[in-house]
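Dear colleague,

Please find the structure below, together with its sequence. My findings follow it, and I would be grateful if you would read them with the model open beside you.

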Amino acid sequence: MITHTMLVSFEQPLPDGELDQYLSDIKQAMLATGFAESVQTRRHLPIPGEDAIPALIATAIVQVTLADLDTLAKSFTAPELHEVIEKWQARYSYRVAWANHESLG
């Protein structure tokens, strides 16, 4: 098993309802590919002053567990995932950083 951890950073703050919908949409899209074993989403928990740090600061975190790297590569080609990404990129600009890794637990 491997974990694909995404740090999603929206350029502007999103209303709570919009962020909740994004997290729901991305989770459902990853599950709909049929490749994900599990998908977890969470909001970033900000601390005072972090906006002064010159780093990508996440708005949200998405963790996807998959069988292996080949399965992860296949998931990137799924139309369900591209539809959600295109929908949200058209609405709100965001960047994503990610890491593929073995379980941290």
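Apart from neighbours within four places in sequence, Ala-97 is in contact with Thr-5, Met-6, Leu-7 and Leu-56. Please bear in mind throughout that this is a predicted model. Ala-97 belongs to strand β4, which covers residues 94-101. Is Ala-97 buried, exposed or partly exposed? Its relative accessibility is 29%, so Ala-97 counts as partly exposed, since that class lies between 20% and 50%. Ala-97 and Asp-51 are 46 residues apart in sequence, and their C-alpha atoms lie 17 Å apart in space.

The chain as a whole may now be described. It contains three helices and four strands, and from the N terminus these elements follow the order β-α-β-β-α-α-β. The radius of gyration is 14 Å, close to the 13 Å that the globule rule gives for 105 residues, so the chain is as compact as a globular protein of that length. Along the principal axes, the C-alpha atoms fill a box of roughly 40 × 30 × 20 Å. Of contacts between residues at least 6 apart in sequence, 75% join residues at least 24 apart.

The chain carries 7 positive and 14 negative charges, whose mean positions are 4 Å apart.

Turning to the interior, 34% of the 105 residues count as buried. In soluble globular proteins, nonpolar side chains tend to be buried together. In this model, the largest nonpolar core has 22 residues, and those touching the most other members are Val-8, Phe-10, Leu-19, Tyr-22, Ile-26, Val-62 and Val-64. At least two core residues come from each of β1 (2-10), α1 (16-32), β2 (36-43), β3 (60-66) and α3 (79-91). Helix α1 gives the largest share, six residues.

Which residues does Val-64 contact, leaving aside neighbours within four places in sequence? They are Ile-2, Thr-3, His-4, Met-30, Ala-36, Ser-38 and Val-39.

Finally, I draw your attention to Asp-25, which lies in helix α1. The relative accessible area of Asp-25 is 13%, so this residue is buried, the limit being under 20%. Not counting residues up to four places away in sequence, Asp-25 touches Val-84, Lys-87 and Trp-88.

Yours sincerely

Technical notes:
Residues numbered from 1 in each chain as written. Predicted model: local features only at pLDDT ≥ 70, side-chain atom pairs only at ≥ 80, totals over all residues. Heavy atoms only, no water. Rg over C-alpha atoms; globule rule 2.2 N^0.38 Å. Buried < 20%, exposed > 50% of the residue type's maximum accessible area, 1.4 Å probe, protein only. Contact = heavy atoms within 4.5 Å. Lys, Arg positive; Asp, Glu negative; His and termini not counted. Charge placed at Lys NZ, Arg CZ, Asp CG, Glu CD. Core = buried A, V, L, I, M, F, W, Y, C linked by side-chain atoms within 4.5 Å.
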